[in-house]
Amino acid sequence: MMRGFQKSKSSLRAARKSKLAPKSHARAGAKPDARLADADKFLLPTYKRPPIVLTHGRGAYVYDSTGKKYLDFLGGIAVNALGHAHPRIVKTIRREAPRAVHFSNLYHNPYQGPLARKLAEWSGLDRVFFSNSGTEAIEGALKLARLYGRTPEEPSATPAKKHRILAMENSFHGRTLGAVSVTSTEKYRLPFAPLVPGIEFVRYNDVAHLESKFDDTVCAVLLETIQGEGGIHAATKAFWERARTLATKHGALLVADEIQCGLGRTGRHFAYQAFQSKPDVAVIAKPLAAGLPLGAILTSEAVAARISPGLHGTTFGGGPLICATALEALTIIEDEKLLENVRARGAEIREGIAALAKKFSFIREIRGQGLMIGVELSIEGGPFVAEAMNRGLLINCTHDYTLRLLPSFVITKAQVRDFLRTFESVLASIVVSAPASPEKDKSSRLAQSAAR
């Protein structure tokens, strides 16, 4: 039955030009939303947003200004791990806001130390630096790597011999100048050249290419344990362990970017815990403070010994309100046994999509772990994202062809069933052509994905 929807590429082009843009859902005769007009006039045009205003959320759902309800399978791009308006998070913010929002890092506050202890216990690392965001954590990690690579005999005003940083192809680490310098995608990099020198890119999961780049001038190898913006690609055990061995041999740091995949997203506290060895540095952010802005650098005692007062800092990172909220968020994950839920619901989603792949041959591969899932298509994914929003489902598309799913850790079995029903209707609603890859190749890809 579904094969009847698979027509020609011209049909797909026609679909893109049709009414697939998300509808504003405004009532007939209603006045235009002045807030959208203000946004169009006064905000920098850095995002392409649909003409709706999201006003509030609860659990796995968000609502727009017309009252329309959406099942949120994007989660603020992996930020809202506890869904929206979790009662314990709301209670914590209400308790702490009247006490203190900010003191500055010139003084201790009641929550930084306990939160750092909790993160050390979760990660197996020793020391923590709190930042405002993931990209700021990346910046600090790059500085740590350069600092670690400099010997006491080398003057601080001159380039250190050990200064090269190996980053990955297909990577994404943020939008600041340093983070863009270690991000390989040209559309993010080239408009801001010249970038930070000393950065070279390695083919992700290509052990031989990594070995060819490594020598004693390398101070760090940086990789996302699972590439998020790059389409949900996980590091292989062989690649990770070889990177660990080479970093140790050459006195370099292994830096894991766990901003999107860490803190429970894969069903483990950290994605790198699927491997035997640890990184020297891990950077985290997105879900850490349940939607409030907080990132962190986690590192070993050996790396921490190279830092001293004045070499790095932050104004807003680690304030009392935000750290209290983050500490409560991690405690909720423990108390509610949410890692178990992440593993179970993630398996149900992948199994459900694998069943849909038998009906829709343009699904080429299903990747991911836990509740970090990518559905690679043989056609562009943008129209599916737009139609999903029209039908009350929030997802997104990365690298043009991969639909990305990042639901909250509190998602229920019933909500997974609702997602699969809606997702099937979205796939069926858009007329597409047959995929370029043969059916046998598709089946092989799906089997390999299920085994990961």
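The structure holds 23 salt bridges, a salt bridge being a side-chain nitrogen of Lys or Arg within 4 Å of a carboxyl oxygen of Asp or Glu. The model is predicted: local features need pLDDT of at least 70, side-chain atom pairs count only at pLDDT 80 or more, and totals for chains, interfaces and linings use all residues. Residues are numbered from 1 along each chain as its sequence is written, and side-chain values use heavy atoms, with hydrogens and water left out.

One of these bridges pairs E328 with R88, with the closest N and O atoms 2.8 Å apart. E328 lies in helix α12 (residues 320-335) and R88 in helix α4 (residues 87-96), so the bridge ties together parts that are 240 residues apart in sequence. Helices (H or I, at least four residues) and strands (E, at least two) are DSSP runs, numbered from the N terminus. E328 is buried, at 18% relative accessible area. R88 is partly exposed, at 26%. Buried means under 20% relative accessible area, exposed over 50%, and partly exposed in between (1.4 Å probe, protein chains only).

The axes of α4 and α12 come within 9 Å and cross at roughly 155°. Axes are lines fitted to C-alpha atoms, for helices over the stretch in contact, and angles run from 0 to 180 degrees between N-to-C directions. The helices α4 and α12 are therefore roughly antiparallel (angles over 145 degrees; under 35 is roughly parallel, 65 to 115 roughly perpendicular, the rest oblique). Their crossing is right-handed, that is, the near helix is turned clockwise from the far one by less than a right angle.

In the contact (heavy atoms within 4.5 Å), α4 contributes R88, I89, T92, I93, R95 and E96, and α12 contributes L321, A324, T325, E328, A329, T331, I332 and D335. These residues divide into six nonpolar, three polar and five charged. Nonpolar covers Ala, Val, Leu, Ile, Met, Phe, Trp, Tyr, Cys and Pro; charged covers Asp, Glu, Lys and Arg; the others, Gly among them, are polar.

A further salt bridge joins K213 and E200 at 3.4 Å, N to O. K213 sits in helix α9 (residues 207-213) and E200 in strand β6 (residues 199-202), 13 residues apart. K213 is partly exposed at 22%. E200 is partly exposed at 28%. Salt bridges that share partners join R164, E200, K213 and D215 into one network.

E365 and R367 form another bridge, at 3.0 Å between the closest N and O atoms. Both E365 and R367 are buried.
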